[in-house]
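Notes follow in the order I took them.

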Amino acid sequence: MSENPKFNFTGKVAFVTGAGSGIGRATALAFASAGAAVSIADISEAGLEATAEQITALGVKVLAQRCDVTKTAEIKAVLDTTVATFGRLDCAFNNAGIEQPGASIIDLSEEMLDRVLDVNLKSVFLCMKHEIPLMLKNGGGSIVNTSSGAGVMAIRNQSGYCASKFGVTVASKVAALEFADQGIRVNALCPGIIDTPMIARYTGGTEEGRARIIKQEPVGRMGRPEEIAATVLFMCSDLGAFITGHALVADGAQTAGI
């Protein structure tokens with residue numbers, strides 16, 4: 001098994017949504033390399049299979065389950081199976097999300113608004129609703145919810161996406177307040193522009209599109225999924241034991257001016 005020298009999650013169980021690609025896959029692999037048993041969920045069966053194969057290659061136990069995170073019954077089922085398989089739940093990275101095509105608030109369709117809010121925000125509520133009781137049985141745990149730079153600043157033509165991510169930020173803070181005295185830590189993670197399949201779709205997959213979006217990053221490059229994964233592990237580890245109710249921005253200074 002490959003070892004992560006910075007973190008030790010041996011004996012811990014981590015659950016990751018949106019694990020079929022991008023930040024979710026990188027984080028699932030990071031948990032595995034740090035010794036955790038990993039339960040992964042995604043709506044893409046092909047993506048799940050690819051992530052599971054990479055985790056298995058590390059010699060780590062993995063449970064892969066297809067899940068539509070907008071449906072409470074499916075979330076509850078995959079979490080119950082996780083605990084039935086591994087015996088506990090210690091860490092959760094609620095990361096599943098989708099982008100919004102650029103559109104003025106007056107042009108954004110109601111259908112797209114509903115979809116973005118369901119996948120990006122409602123799913124976080126539903127995941128926490130079912131994760132927290134399982135963690136309480138262990139005496140505590142850590143939850144990280146994927147917000148965004150768009151969860152701390154407004155972006156033109158992204159009203160639905162920003163609303164969903166601001167909601168994740170605030171919901172994380174509320175949950176942290178409600179369960180801080182019961183050993184549950186809840187934080188939001190606000191990545192900047194990360195080199196993932198979602199960003200590739202947003203830029204049209206062209207070099208011109210990539211160059212245009214990189215101009216928004218003061219550091220002059222996109223972030224790497226592995227960099228965000230390392231941030232998640234820090235927030236879930238004992239090194240972050242006093243961090244809860246926080247929105248941690250990892251964005252190459254993109255939002256530094258707000």
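Predicted model: local features only at pLDDT ≥ 70, side-chain atom pairs only at ≥ 80, totals over all residues.

**Sheet.** I traced the strands and got an open sheet of seven, in the order β3-β2-β1-β4-β5-β6-β7, with parallel pairing. The edge strands are β3 (62–66) and β7, each pairing on one side only. On average, neighbouring strands are turned by 15 degrees against each other, direction ignored.

**The β3 end.** I looked at β2 (residues 37–42) next: β2 and β3 pair in the parallel sense over five bridges. Ser 39 stands opposite Leu 63 in β3. Helix α2 (residues 45–57) packs on the sheet here and touches β2 and β3. The direction of α2 makes about 180 degrees with that of β3. Helix α3 (residues 72–86) lies across β1 (13–17), β2 and β3, and runs at about 165 degrees to β3.

**Helix α8.** I checked the length of α8 (residues 225–236). Twelve residues at 1.5 Å a residue should span 16 Å, and the end C-alpha atoms are 17 Å apart, so the two agree. Its buried residues include Ile 228, Val 232, Leu 233 and Met 235. What do the buried residues of α8 pack against? I found α1 (22–33), β4 (91–94), β5 (141–146), β6 (184–191) and β7 (247–250).

**Salt bridges.** I counted seven salt bridges. In one of them Glu 99 pairs with Arg 201, with the closest N and O atoms 2.8 Å apart. That pair links distant parts of the chain, 102 residues apart: Glu 99 sits in the loop between β4 and α4, Arg 201 in helix α6 (residues 197–203). Arg 201 counts as partly exposed because its relative accessibility is 49%.

Arg 210 bridges to Asp 195, at 3.1 Å between the closest N and O atoms. Here Arg 210 is in helix α7 (residues 207–214) and Asp 195 in the loop between β6 and α6. Arg 210 comes out at 26% relative accessibility, so I put it down as partly exposed.

I also noted Arg 221 with Glu 227, the closest N and O atoms being 2.8 Å apart. These two belong to a network of salt bridges that links Arg 221, Arg 224, Glu 226 and Glu 227.

**Glu 131.** Last stop was helix α4 (residues 110–136), where Glu 131 is found. Glu 131 is buried yet has no salt bridge. Its nearest side chain of opposite charge is Lys 129, 12 Å away. Beyond four places in sequence, I listed what Glu 131 touches: Phe 15, Leu 79, Leu 89, Ala 92, Asn 94 and Ile 143.

Methods: Residues numbered from 1 in each chain as written. Heavy atoms only, no water. Helix = DSSP H or I, 4+ residues; strand = E, 2+ residues; numbered from the N terminus. Buried < 20%, exposed > 50% of the residue type's maximum accessible area, 1.4 Å probe, protein only. Lys, Arg positive; Asp, Glu negative; His and termini not counted. Salt bridge = Lys/Arg side-chain N within 4 Å of Asp/Glu carboxyl O. Contact = heavy atoms within 4.5 Å. Expected span 1.5 Å × (residues − 1). Pairing = 2+ DSSP bridges. Axes fitted to C-alpha atoms, helices over the stretch in contact; angles between N-to-C directions.
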